[in-house]
Amino acid sequence: MDIEKLQRFNSAYEGEYPFLQELGSQWARSKPLEGFRILHNIPLTRETMLKLEPLYLAGAELTVTHLKLPGLAPKMECADLLREAGADIELDHDRISGEYDIALDCCAQIPSMKNVTIRRGYVELTQSGTPAYSKLNTTLPIYSLDLSKLKCLEGMFGTGEACVRAIKQFIEPELSGRKFVVFGYGKVGRGITRYLSREGAEITVVDSNPTHLEHAAATGHATERSAGSPTLLEAINDAFAVITATGHPGLVQELFSPSDISDDVHLINMGADDEFGEGFPISRVAANKAPLNFMLDSPTVMFFIDPIFAAHNRCCEHILAGGASGFTALPAALDMPVVEAWSKRYNIDVSDIHY
Ligand SMILES: NC(=O)c1ccc[n+]([C@@H]2O[C@H](COP(=O)([O-])OP(=O)(O)OC[C@H]3O[C@@H](n4cnc5c(N)ncnc54)[C@H](O)[C@@H]3O)[C@@H](O)[C@H]2O)c1
């Protein structure tokens with residue numbers, strides 16, 4: 001593998017990634033993964049190339065593949081570059097076989113690769129991998145990035161920033177004084193309200209969890225219980241836009257008929273599923289019901305994902321050191337200390353993640 005070729009490619013990247021850079025410098029010296037076989041399965045993007053560099057510098061024998069999801073194509077310029085550099089890259093999961101020490105995974109796809117055996121442990125990047133990994137019958141360590149405060153940097157701040165950036169780019173650049181109804185005050189909803197507030201927007205938060213509504217009220221937002229009430233409908237029809245981020249498919253349609261909602265109100269989905277419901281025509285919801293930030297060139301800016309990618313890689317050292325057994329949270333040393341370092345570096349208040 002010609003690591004310098006990858007490094008030249010990465011040096012042209014515009015954006016900050018100090019956590020991965022620091023990891024690369026450390027691992028280039030200590031080579032902690034020398035001779036260990038790693039299977040790497042996350043979306044193959046420009047940002048993923050930055051994540052791969054420290055793994056190569058650490059001496060890992062990597063096989064790189066791409067997350068298998070309908071409609072999610074790998075960045076071919078990245079695949080080509082890796083091939084030219086002599087990397088072991090195989091985009092077809094069915095053609096991957098053999099024994100690996102560590103699985104660096106996303107959406108729990110590696111355990112279902114029929115011809116692959118993992119000898120030492122797994123690291124899962126997303127919430128979507130939780131059901132499969134929490135049930136995997138193994139005593140090997142399985143670290144879940146989703147079981148961490150660190151993941152909030154992406155899900156809460158990164159997605160919130162991206163949602164507001166997408167609204168300004170695709171719907172309306174001037175948000176000051178505009179009214180929004182935001183369904184869901186979890187990680188994503190809190191991030192969205194945080195960035196909307198900075199634009200001077202007025203927000204009504206809707207949630208089914210009374211504690212979450214109390215938090216929203218304490219932050220200064222109007223609140224509504226998630227029910228088909230006249231006051232909620234009035235807030236919706238008085239709003240510039242409704243944004244959904246609950247993880248509950250078809251939620252809005254369960255509460256109101258599509259015809260109850262004025263055509264003037266913008267409808268924006270940020271959830272992975274269609275949270276408005278089939279009764280709402282696809283064209284009625286921004287981005288044809290896809291999460292609005294997916295329309296952006298950078299659905300999440302690198303500086304939010306950088307520490308998470310670095311932690312995903314760093315879990316390899318924890319696996320090789322032994323320790324955890326079965327499905328478990330991110331090692332404590334990779335969680336709050338990293339959140340605090342990120343917060344300090346960028347002077348960003350992260351107190352919202354403690355709820
Ligand atoms: N667009 C993106 O880039 C992006 C990124 C991360 C997650 N997501 C998606 O966003 C959605 C929310 O994710 P999250 O991490 O914030 O989840 P979360 O579990 O942290 O928060 C969900 C919130 O919705 C509330 N809720 C649940 N059911 C509800 C209902 N029926 N009515 C009103 N409120 C309800 C919950 O009480 C909670 O406050 C998921 O679909 C997730 O996959 C999107």
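Predicted model: local features only at pLDDT ≥ 70, side-chain atom pairs only at ≥ 80, totals over all residues.
Residues are numbered from 1 along each chain as its sequence is written, and side-chain values use heavy atoms, with hydrogens and water left out.

**View 1. Aspartate 101 and arginine 120 form a salt bridge between two strands.** A salt bridge is a side-chain nitrogen of Lys or Arg within 4 Å of a carboxyl oxygen of Asp or Glu, and by this rule the count comes to 12. Here the distance from N to O is 2.9 Å, and the pair links distant parts of the chain, with aspartate 101 in strand E4 (residues 98-105) and arginine 120 in strand E5 (residues 116-124), 19 residues apart. Strands (E, at least two residues) and helices (H or I, at least four) are DSSP runs, numbered from the N terminus. Aspartate 101 counts as buried because its relative accessibility is 3%, whereas arginine 120, at 36%, counts as partly exposed; buried means under 20% relative accessible area, exposed over 50%, and partly exposed in between (1.4 Å probe, protein chains only). Glu99, Asp101, Arg119 and Arg120 are linked in a network of salt bridges.

**View 2. Lysine 168 and glutamate 199 meet in a salt bridge.** The distance from N to O is 3.0 Å, and the pair links distant parts of the chain, since lysine 168 lies in helix H6 (residues 152-170) and glutamate 199 in the loop between helix H7 (187-198) and strand E8 (202-207), 31 residues apart. Lysine 168 is partly exposed, with a relative accessible area of 31%, and glutamate 199 is partly exposed as well, at 27%.

**View 3. Domain 1 and domain 2 are in contact.** The domain assignment, which is automatic or from a database, gives domain 1 (3-152 + 301-353) and domain 2 (156-295). Contact means heavy atoms within 4.5 Å, and 9 residues of domain 1 touch 8 residues of domain 2 in this sense. Together the two domains bury about 820 Å², 61% of it on carbon and sulfur atoms, where buried area is the accessible area (1.4 Å probe) that two parts lose on being put together, summed over both. Cys152, Phe304 and Asp352 supply 59% of the area that domain 1 buries against domain 2, more than any other three residues.
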